[in-house]
Amino acid sequence: MTISLGELAIQFGCELVGDPSVEVSKASTLGGADAKSISFFSNSAYREQLRNTRAAAVILRAGDAASCPVSALVDPNPYLLYARIASLLHPAPAFQPGIHPGAVVASTSRVSVTAQIAAAVVIGNNCEIGDAAIIGPGCIVGDDCVIGAGSRLVARVTLVQNVNIGARCVIHPGAVIGCDGFGNAMSQDGWVKVPQLGGVVIGDDVEIGANTTVDRGAIEDTVIGNGVRIDNLVQIAHNVRIGEHTAMAAMSGISGSTVIGKRCLFGGQSGTVGHLTICDDVIITGRAMITKDISKPGSYAGSFPAEESSTWKRRVARIRRLDSMAERLSAIEKRVDKQ
Amino acid sequence: MTISLGELAIQFGCELVGDPSVEVSKASTLGGADAKSISFFSNSAYREQLRNTRAAAVILRAGDAASCPVSALVDPNPYLLYARIASLLHPAPAFQPGIHPGAVVASTSRVSVTAQIAAAVVIGNNCEIGDAAIIGPGCIVGDDCVIGAGSRLVARVTLVQNVNIGARCVIHPGAVIGCDGFGNAMSQDGWVKVPQLGGVVIGDDVEIGANTTVDRGAIEDTVIGNGVRIDNLVQIAHNVRIGEHTAMAAMSGISGSTVIGKRCLFGGQSGTVGHLTICDDVIITGRAMITKDISKPGSYAGSFPAEESSTWKRRVARIRRLDSMAERLSAIEKRVDKQ
Amino acid sequence: MTISLGELAIQFGCELVGDPSVEVSKASTLGGADAKSISFFSNSAYREQLRNTRAAAVILRAGDAASCPVSALVDPNPYLLYARIASLLHPAPAFQPGIHPGAVVASTSRVSVTAQIAAAVVIGNNCEIGDAAIIGPGCIVGDDCVIGAGSRLVARVTLVQNVNIGARCVIHPGAVIGCDGFGNAMSQDGWVKVPQLGGVVIGDDVEIGANTTVDRGAIEDTVIGNGVRIDNLVQIAHNVRIGEHTAMAAMSGISGSTVIGKRCLFGGQSGTVGHLTICDDVIITGRAMITKDISKPGSYAGSFPAEESSTWKRRVARIRRLDSMAERLSAIEKRVDKQ
């Protein structure tokens, strides 16, 4: 679609510096923009690109307008305004309600007439697929699942069993939700499987990334709150509870029965041991491993940045000699004490 | 199903404290239990919940019976007994033998008449699917695979080629078994693929988690022993051999040609470099990276617990000044020596 | 196939030590070889196996010929020569051009008559499938994708949308390419999805491992250069650009907008934060986390090798006492200064 800067300023309640009649039809990077583009500037590393942009307009903060050679939409949160304008310019493709003839849907399941069930989908017993929900190609929906209105399983998602997904969620390809948790009891003859009996309850407006796994609860449910965002290749173990609007970057791993608060941020490749409680508003930086409860909002870290290998090897050797250094320090303290 | 405490005590050979005629029909948590529930207590962190439980009965150790307000089944290993009783109360759903009309099975493959092949399954050439095996919806079974009696591919599992799975295994959705290992030889023109020619041999009673990958051997086979338990998102590289009853938590990664003993435990996000030998009865704690052979049973660790970011930054700075501290320590030693 | 050592020496331009009329028909390990086998020796850890091999011939370096009890093909890069000879002896299985009747291909897509589309494949709109391309069973190809000549999607691969794959690529099962990047802007009401509008461009001769995820660009494309090799369970975030012939071992994770040079090597479970630039010819060792730009070729490391847990706990405690040690060292320096 095409829209004028004036209309955008009115619709989104932001200030316009420039010609309200100029029209834009697409989102672009500062560097890749042309006369039909709207772009955004929020990271000062790209100021040189701002200065040289050929966009029709740039979304930016008031303080940056002076660096902008073209029209500007001024907003205190340019990235958020960009997200909204880009969604307007690039709406999700329309979809065709109906069940593809190649899909297999159990007769005990109910599918809204406004939902779309694509090719190569298999839906088990006692499921409910809500209004305007999209079950993309290759998805497997096991027994006793509910998919709320407007939610989308992009493609090849697996809901194993007893998964309840709220409204307006997006689940990306390869995600597996409701798989058995890792419950094993050791006997004299080896591991005995602990049956996994719970389900997964996912709130509204949740997004779950590609090839992420979310285990069903061992007895009760694994719970993911409203507005949670989970990236690719994340592991959520059984009985985990994640508070609203928490976000987890790729490859983070949450061990069983951990309870996570609201609005937390987990960096990539971070992790927690099991049975922890983490309060609201906690930031776990990339690669950090949480081993204890966290009851104080704030930022937590624990990974060492890489260095040249020769430097790093020397550090490891130094760390290994810390006992010896401590002994030498004590010895010298004693000798000086005696003097 | 419903069963009395008296029958449970007899069937599982445990002591009953309480009324043998009381009946239970489901497993519950201590906190979520009602008069039809059996629960278990094995982690003292939940003692308060034990004291307040409304379960019909609790499985626990003899020493904990005094804290239990209801009937008790007394056993030295409550979690194991719970696993067995929960399996009795919540049996796996019955399955329908037969091949779904939407499945594609090559004429050169043999499927037991008691096996179930679900919708959207594709089975290649020269495969054997054993008695009472379940191939869930969306599974791909490549050429030359064998699936033993009673094994279950839950859904959307891929066996790429030449994978031999024993009896009573469970493979969870998204797992890929028998994919090519990462073999590349550098030439003047770039990488040349080293053909991956081996297969994967999996013993009996093995469980493999969702979205886990197990590479086929480069020449000979990758081997996973009887009773091994592998969690979600684990990588097992080519030529790895894993001994019986070893268990690996989510996101652990085993590099190529590593040989792992029996009854080892790998914590989440742990890893090994390649070509190692790890003996029986080794515990690798979460996030540890094994870089050398291990020939002594015991516990191995190597990750740093996260702390508040400001504290952690100071530690990193301190570690980076260790060379300087060591020099200062030597200097002060020399000065004191001279005095 | 069967071929004589003499023919191999001529075809691959290497020196033969032994009888040119001896024939081989398969690749084997040194230990598993028989009279029809060709094997290779490039890692001195296996010298004892070389001495005892029953192979017909071994590919090795000139300096190792004296340890070889059988015929030898002598080459400065035995592993590369092995890769080529093994590919000759074990060619990829022939495939059947044509579209399986169970596949669903949109009428707006073009499929070469020499391509193979297997069962349970779904191909969306406006795609082009090149000559001799193989789309294995269960693959989902979304709208606007191009798959070049001779490329192979092994099975159950998902190309979400707007993915352009060059010639002779291999994509392994479970890989998801073109999924949305993790773009979220925080509003007062929670996260707002930033629409992901770009695609993925993959060069020629690229290999991507099982269950790996490659996000589409946020606005422009994610780009993977010619000859890149990516192992299993790797995450490539949006807008990443990877230079030619770079290789990444399993479970490595590249954050958004990072630009990686040519011929880099990433060890297993390594990672980068976002928006970095890494120059050509950089080696990132296993588990290293890159937090800054790298402009100097070489090797970078940052992970601590595991040790016995008791030893490691002592090291952690020592590190936590480094502030105190530093203070004690300063104190003792001052005291000695005063003497």
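Student: Leaving aside its neighbours within four places in sequence, which residues is A:Asp131 in contact with?
Tutor: This is a predicted model, in which local features need pLDDT of at least 70, side-chain atom pairs count only at pLDDT 80 or more, and totals for chains, interfaces and linings use all residues. Residues are numbered from 1 along each chain as its sequence is written, while chains are lettered from A and ligands numbered from 1 in the order in which they are written. Two residues are in contact if their C-beta atoms, placed from the backbone, lie within 7 Å. With those sequence neighbours left out, A:Asp131 is in contact with A:Ser112, A:Thr114, A:Ala115 and A:Ala149.

Student: Is A:Asp131 buried, exposed or partly exposed?
Tutor: A residue is buried with 20 or more other C-beta atoms within 10 Å of its own, exposed with 12 or fewer, and partly exposed in between, the C-beta atoms being placed from the backbone. A:Asp131 has 14 such neighbours, so it counts as partly exposed.

Student: How many residues of chain C are in contact with chain A?
Tutor: On the chain A side, 59 residues take part. On the chain C side the number is 58.

Student: Which element gives the largest share of that side of chain C?
Tutor: Elements are DSSP runs numbered from the N terminus: helices (H or I, at least four residues) and strands (E, at least two). Those giving two or more residues include strand 39 (298-301) and helix 4 (309-320) of chain C. The largest share, 6 residues, comes from helix 5 of chain C.

Student: Which residue of chain C does A:Glu308 stand opposite?
Tutor: Strands pair if DSSP finds at least two bridges between them. Strand 40 (residues 307-308) of chain A and strand 39 of chain C run antiparallel, joined by 2 bridges. In strand 39 of chain C, the residue opposite A:Glu308 is C:Tyr300.

Student: How are helix 5 of chain A and helix 4 of chain C set to each other?
Tutor: Axes are lines fitted to C-alpha atoms, for helices over the stretch in contact, with angles from 0 to 180 degrees between N-to-C directions. These two axes come within 10 Å and cross at roughly 50°. Angles under 35 degrees count as roughly parallel, over 145 as roughly antiparallel, 65 to 115 as roughly perpendicular, and the rest as oblique. Helix 5 of chain A and helix 4 of chain C are therefore oblique.

Student: Which residues of helix 4 of chain C meet helix 5 of chain A?
Tutor: Helix 5 of chain A brings A:Leu322, A:Asp323 and A:Ala326. The residues of helix 4 of chain C that they meet are C:Arg314, C:Arg315 and C:Arg318.
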